[in-house]
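Hi,

Here is the structure I promised to pass on. Have a look at it first, and then read my notes below.

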Amino acid sequence: RLMSNELAKYITMRPQSFDPHRIIAYLDALDKRFIKSEIDHDEVKDQVQEVFDYVVNEKMTNESLSVSLAKVKATNDDRYKSVKKQLSDKKKVYLYCKIEAKNGHSYCENLKQQSINLIATEKLTRN
């Protein structure tokens with residue numbers, strides 16, 4: 001967790017000037033982290049339905065329950081609750097990484113524009 005006076009790592013690690021090599025490395029790291037978080041989120045998302053179906057089937061078989069009653073019991077099963085919590089946690093990480101990547105790209109685009117403006121200003125003042 002971040003303390004209120006601490007900056008996130010992606011902010012402290014950002015390039016301070018327009019250096020294409022540093023920018024590409026910085027954005028590459030942010031994008032790869034974002035992609036990994038999306039993959040992790042999607043994997044758990046798939047598991048949620050699989051666990052639910054498994055628990056429903058188990059309840060129907062072992063307890064001779066109707067489908068509707070087995071579904072009700074499955075939603076209260078610890079295995080299902082556990083995978084739902086994992087999904088919630090992965091979604092938070094995914095959304096956080098998504099906003100980091102978006103902010104990083106925006107920041108670097110701004111650096112690029114500042115660099116262009118500086119070059120244009122220097123050319124105009126020299127003439």
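A term to start with: a residue is buried when its relative accessible area is under 20%, exposed when it is over 50%, and partly exposed in between, using a 1.4 Å probe and protein chains only. Keep in mind that this is a predicted model, so local features need pLDDT of at least 70 and side-chain atom pairs count only at pLDDT 80 or more, while totals for chains, interfaces and linings use all residues. Residues are numbered from 1 along each chain as its sequence is written, and side-chain values use heavy atoms, with hydrogens and water left out.

With that in hand, take M13, which counts as partly exposed because its relative accessibility is 48%. M13 sits in the loop between α1 (9–12) and α2. Not counting residues up to four places away in sequence, M13 touches R22 and Y26, where contact means heavy atoms within 4.5 Å.

Now the overall picture. The protein chain has 4 helices and 0 strands, in the order α-α-α-α from the N terminus. The chain is more spread out than a compact globule, because its radius of gyration is 24 Å, well over the 14 Å that the globule rule gives for 127 residues. (That radius is taken over C-alpha atoms, and the rule is 2.2 Å times the number of residues to the power 0.38. Helices here are DSSP runs of H or I with at least four residues, strands are E runs of at least two, and both are numbered from the N terminus.) Along the principal axes, the C-alpha atoms fill a box of roughly 90 × 25 × 20 Å. Buried residues make up 24% of the 127 residues. Of the contacts between residues at least 6 apart in sequence, 65% join residues at least 24 apart.

Next, what sits inside? The largest nonpolar core has 12 residues, among them Y10, Y26, F34, Y94 and L111. Helices α2 (20–63) and α4 (78–126) each supply at least two residues of this core. Another core, of 11 residues, lies apart from it and includes L65, A74, V83 and L87. (A nonpolar core is a set of buried Ala, Val, Leu, Ile, Met, Phe, Trp, Tyr and Cys residues joined through side-chain atoms within 4.5 Å.) Leaving aside neighbours within four places in sequence, F34 is in contact with Y94, C97, K98 and A101.

Beyond its neighbours within four places in sequence, E100 is in contact with Y10, L30 and R33. The C-alpha atoms of V93 and H41 are separated by 8.3 Å, although the two residues are 52 apart along the chain.

Most residues other than glycine have a negative phi. S64 is found in the loop between α2 and α3 (67–75), and it counts as exposed because its relative accessibility is 64%.

Cheers
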